[in-house]
Structure formats: C-alpha cells, structure tokens
Amino acid sequence: MDARGAPPGGGPPPVPWPAGPEEALALNHTGSFDWDLDRGVVHMDPSALALFGVAPEEFDGDPSILTARVPAAEAARLDLLVAQALKGGRSSYGAYFRMNAQHGTQRWTHTQGAILRTPDGRPYRIVGILRDATEELSQSTERLTLDAERSLHTDVVDATTAGLAHARTVREVLDALGTSRGLDQLGVISVVVGLVQEGRMQLYGEGELSGMLPMSRRRLDEPLPLPEAVRTLTPRYIASREEFARRYPPLWSWAKELGWSAAAFLPLIAQGEALGAIGLVYRDKYSFTSEERTLLTALTSSIAQSLERARLFEQEHELAEGLQRAMLPHSLPSIPGVHAEVRYRAAQQGRDIGGDWYDVIPLPGGRVAAVVGDVQGHDTDAAAVMGQLRIVLRAYAAEGHSAPTVMARASSFLHDLDSDRFATCLYVEADPSTGWLRIVRAGHPLPLLRRSDGRCRPFPVMGALPLGLSTQFGQPKYPVTTMELEHGETLVLFTDGLVEQPGGDVEQGIEDLAEAVRTGPSEIAKLADRLCEVPEAWNGTDDLALVLLHREVSAPTRPARRLHQHVAPRDPESLATVRHMVHAAALSWGAGDRADDLSLVTDELVTNALLHSGGGAVVTVHPLSGAQRRVRVEVTDRSSTVPQVMHPGASSISGRGLLLVDHLADVWGVEARGTGKAIWCEFVADGR
C-alpha cells in the first residue's frame, strides 16, 4: 500500500492514511446522528441512513421516517428509555434494538447517545452513534438473555393487556389485575391499588394482601409508600426487608408476616393526573434491573389508562342513566280497578343513553293510557328525541284524542323534528270500569296476555309503520285492535331490551319471556321484578322498559253502557231528545230527585255549546261506580275557549248558565279534548 492508502494491484476505492473518523465509522458499519430536540429534526450521516435502509435524498430530517423501519414494540421501548434518560438528568444512554431489514428480515442495532443540556439542566440535543450489532449478538449470551427477557416481558404485557381489554368498571380492572397471569410471571405474589377519591386514598387488595392490609381510606400525607408515590409521581423500589422496615415501620408487621423480600410502588398517571398508585409485592426477589423497571413503568401506564377509561365509563354511565330516569315519569296515577306496575332498567354494557320510555297517562272520563316506546339509537340524540316524544304523546292523549289520532300526531311530530330517528311504540287506552282496551301498535313487539289461570301468549294486535316513518311514507293511519281485559288478567307491554340480545333469536326471547310470565309470581309487583331479572344472564346491551296492566278481581263494573247523543246546530228537537234521554237514564240509575237537576244542567250546557262554539255538541251520560254512586254528564264541542262563571246583574237576561251548573252539580270541570273541550258535571245518585 502506498502513502495514499491505495491497495496494490487495484481494488476498492483508496482510504486515506491515517483513516479519518468518517472512514473509520463507515468501514465498521457505524453511523452518527445529531438530534435537535427543540426543533424535532435529526441529522443522519450516510452510514447511519444506510443502517435504516434510507437513501440520503429520501431523508428530510423527520424522525418518523426512521421509526417506521423499527417494530412498534421496539420503538415504544426505545421512546421510553430515551424519555427516562432525559427526565432523569442522565448524560447518556445506550440500548440494543431490532430493525426491519429488506425481505422481511430483522437485524440487531446498537445505539448510544450523549445528551447535551443547558446550564439549567434542560436537554436540547442528543449526539450519538448507530452500529450494526447483528453479528455481535448472533450467538452471544447477551442476546440470549435479551431474547429471554424480552419474551418474558412480551408475555407479561400480552397477558396483562388481555386481562384489562374487556374491563369496563374500576372494579373489573382491579379484578383483572388479580386474575390475569401477567404479573404472576414476574413473581408478584400480591397487588394493592390505592385510588385517590375526594382527597383521600381508598385501598384495594388482591392476593395475600386482601386479608391483611386495613383496606380503608388513607390520607395522602401519610408516610406510606402508595401515598408517597402519588405525592411525588415517582416510583419506590424496595429490594430488601431491612430497607422496608427502616422506611415504612407501620407496614413492617404485615411485610414480615407475609415474608416479603421486595416491593415496587408506582404512581398510576393518566392525562397528567395521578389516579392513585399500585404496589407489587415479591417473595425471593432482591433487585430490580433496568429492564424490569422499564417494564413496570410501561405496565403501570397501561393500567392507569384502563383505570381512567373505567372511571370515565362509570361517570358517563351514571350521568346517562340519571338523565334517562329524569326524563321518565316519577309517579303513576291511581286507577281504580286496575293495578299498573312499571319498570325501567338501563343497559348493563356501554355508556350510551338509550331511547326506551314508558308512561301511564290519565285520560278524560276516568280512562287511562299505557305506553311503551323505543327511539332508534343509543346516544344523547335518541334520548333527546325520546324526551320530546314522550311529552307530546302525553299531551295529545290528555287532550282526549282517540288512540289512532294520538299516534298519527306523534308520528307527524317526530317527522317534523328534522331528525333521522324513528320510534316504535305500543299505545293502550283502557277503560277500568268495563275492562275494554283499544290498542295501537307502531312497529313494536306484540304485548303478552296472561290469563287468570296463568296461561300466557302474545296477543295479536294489528300494526303499522313506526312513528316518523308512517308520515314519511304517507301512511299515517293506525288501525285499532279492541279487546276486553277480564278480571284477573294481565297485559304485558315491553321494549325489545327484555327479549333481544346481540346475535340472539328474538322469537326465542319472546317465548322465554312468556314462560317467565306464566311461571312468575301472581302478585303484580313481584312479577315485574322477576321479569326485569331475565336479561341478567345475557349481560343486557340494551335498556328496557316494562309496563304491566292487571285488572283486579275486585274491580268495579259499570252497571250500564254510556249513552251518547249528537246535537246539531239549530235543531231544537235534538235538544229536547237529549233532555228526555238524560232524565230517563238518571232515574234508571237511581238519581231520584236529582234527575230534574241533571236534565236542567244538561240543557244549559248544550245551549251554551250551540251558541258559542259555532257548531254542534255531543252529550255523554253514564254512571260511575265507587263508594258513592254518581251520574256524570259530559258536553263536548269544538271550541277551545274555557268558559268562566259570571255573576250578572239583576236586569241581565243571560250569563247565568255556569252559575246554575255550579249551584246544582256536586262537582264540575272543563277538560281539553283535541280540537275542542268538554264540560262535565257529576251528581250524587241518592236513590230517592
């Protein structure tokens, strides 16, 4: 070789003698880098880029181009190692890691970096080297040790992560830590978790600790390892019993009895907040290697994220369930002769609020409406639609509209909300005295009917499109199914959360529900509780609403049918017919001397309706059963104006109609009835 370093007889390009740093590094497959932490850019020399398989013209200083060539697990480990070195005040670091090479193979690489800091200790640059270490580690004990440790650590991470994956609540996260095999592989014999709640720490123990430690709320300023980890946000590693006895005398008695040899106490940090701390107790362990500390830090980060997710789940689920319950009725009207029971249960999975609802609505004339419905979707929009729909449906029903009209108007309202939601609904209008039901179904499951002898089956009800869709497709008419609920029978109205589960057969769910009704308690309240227990084995993913209508055996019966008469405008013969009808009916129902008062009051009410409503009127008269028998008269017209009792002067020739009603009737009132109103009055039938 000559003085210029050229090989005799030709060969590779000449290398200067003595070789410079760049030539020496390149010949040994070693490159250098300079990482500007403030700007987030990296300078790599050609040799370093060659290790990553990146051409110089392809690299613009973006570190993500390089990390894409490193397996995700290795990249995460390196990020954590560098972060610990930067935060720990160290001046350098070093590590071996795998890198993806061509044709799907992997090569070992070693990196070493010097950390440059400002006078106040802030890191601003890392200058380092990268070298190919595949041959170095190919058969070395170090590689075998690294592989074994990495395999163990991978198993630990996989086992712990798998145990936490399906944990939704804080309790489930803690249970998963106790049952997963991940920590066991590290030699952990017991786990204790302290969660910060309202300025104090609540302890939860698993394994041998569960029966030993006082699991009570502890102050955060106590000189104990878990509160210390929370206060300082720094792990505490104790590798000897003597150190434990010296640092934490109050816990030494428990540690001594359990035979501890080492313990690690690490803060659980998520979103920059200390949720608490975790303590891991070992037996026959006397040191914590750098790799083990790195692994535990990574594990506790995963546990903290799971706890944060679980805590948010519980908060959101509690808020959603509370909001849902706040939008449901809080009391039921008293229904003589009919026992109504309602139940609502929020979904057991998921945090979203549902759209199921129920209602029991008092109607004019002593009737009552029972409703169950389900708005499509499980989110706050579905809940908002549910709340509005329940209110307007109740309003339409209370106005006295017929069952088909109530449903048609509710469908139109939902369509006009400018929402893509639809709702299924089952509406039952019941007359407690006669037991007759008028049922309208909008895409909802059929109700169940339990006979007085216990037999139970779905009751066939004609149906139509769900609310919202019927208006959209121009089919707003809802057919009515009429049935008589006999004494001792029960009608079961429910939403699909009671019979449906993901991947399950709805028909089988309905059969199971019918069997539960058939074999359930005869007492209606206990039956409702029993039916709501059915989905427990399914881990119900949907909320449910349930309404039971039971006609009591002792329910009063109406002694006669209602009598109706329409009075047309300018038809004095109809007015006379009404007076005779009311007088005769009142006498037959035992009104005695009150029959004349009934006839007179009816005449006044009908006359006022004809004069002030601009249309005809409908007169209804019927008896009422109860402790005191009464006769009731209702006069319905198309005017929504509420009349007022007046006190005219002595010379006035009008305005005394309601004054007369108020004087003669035992009780009277005015009710809204759809497009008009009804004035009603009741008279005690004394039988004279």
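Guide: Two strands pair if DSSP finds at least two bridges between them. Strands (E, at least two residues) and helices (H or I, at least four) are DSSP runs, numbered from the N terminus.

Visitor: Which strands pair with strand 25, and in what sense?

Guide: Strand 25 pairs with strand 27 (residues 676-684) in the antiparallel sense, over 8 bridges. Strand 24 (residues 617-624) also runs antiparallel to strand 25, joined by 7 bridges.

Visitor: What kind of model is this?

Guide: This is a predicted model, where local features need pLDDT of at least 70, side-chain atom pairs count only at pLDDT 80 or more, and totals for chains, interfaces and linings use all residues. Residues are numbered from 1 along each chain as its sequence is written, and side-chain values use heavy atoms, with hydrogens and water left out.

Visitor: Back to the strands. What stands opposite arginine 632?

Guide: Histidine 622 stands opposite arginine 632 of strand 25. In strand 27, glutamate 682 is the bridge partner of arginine 632.

Visitor: How many residues of strand 25 are buried?

Guide: In strand 25 (residues 630-637), 6 of the 8 residues are buried. Buried means under 20% relative accessible area, exposed over 50%, and partly exposed in between, with a 1.4 Å probe and protein chains only.

Visitor: And how much of the chain is buried?

Guide: Of its 688 residues, 45% are buried. The chain has 19 helices and 27 strands.

Visitor: Pick a helix. Which residues of helix 13 are buried?

Guide: Ala403, Pro404, Val406, Met407, Ala410, Ser411 and Leu414 are buried in helix 13. They lie on the same side of helix 13 because they cover an arc of only 160 degrees around the axis. The arc is that of the directions from the helix axis to the C-beta atoms.

Visitor: What span should helix 13 have?

Guide: Helix 13 (residues 403-416) has 14 residues and should span 20 Å at 1.5 Å a residue; its end C-alpha atoms are 20 Å apart, which agrees. The expected span is 1.5 Å times one less than the number of residues.

Visitor: What follows helix 13?

Guide: Aspartate 418 follows helix 13, and its phi is positive, near 60 degrees.

Visitor: Different topic. How many disulfides are there?

Guide: The count is 0 disulfides, a disulfide being a pair of cysteine sulfur atoms within 2.5 Å.

Visitor: Is cysteine 532 buried or exposed?

Guide: Cysteine 532 counts as buried because its relative accessibility is 11%. Cysteine 456 is buried too, with a relative accessible area of 17%.
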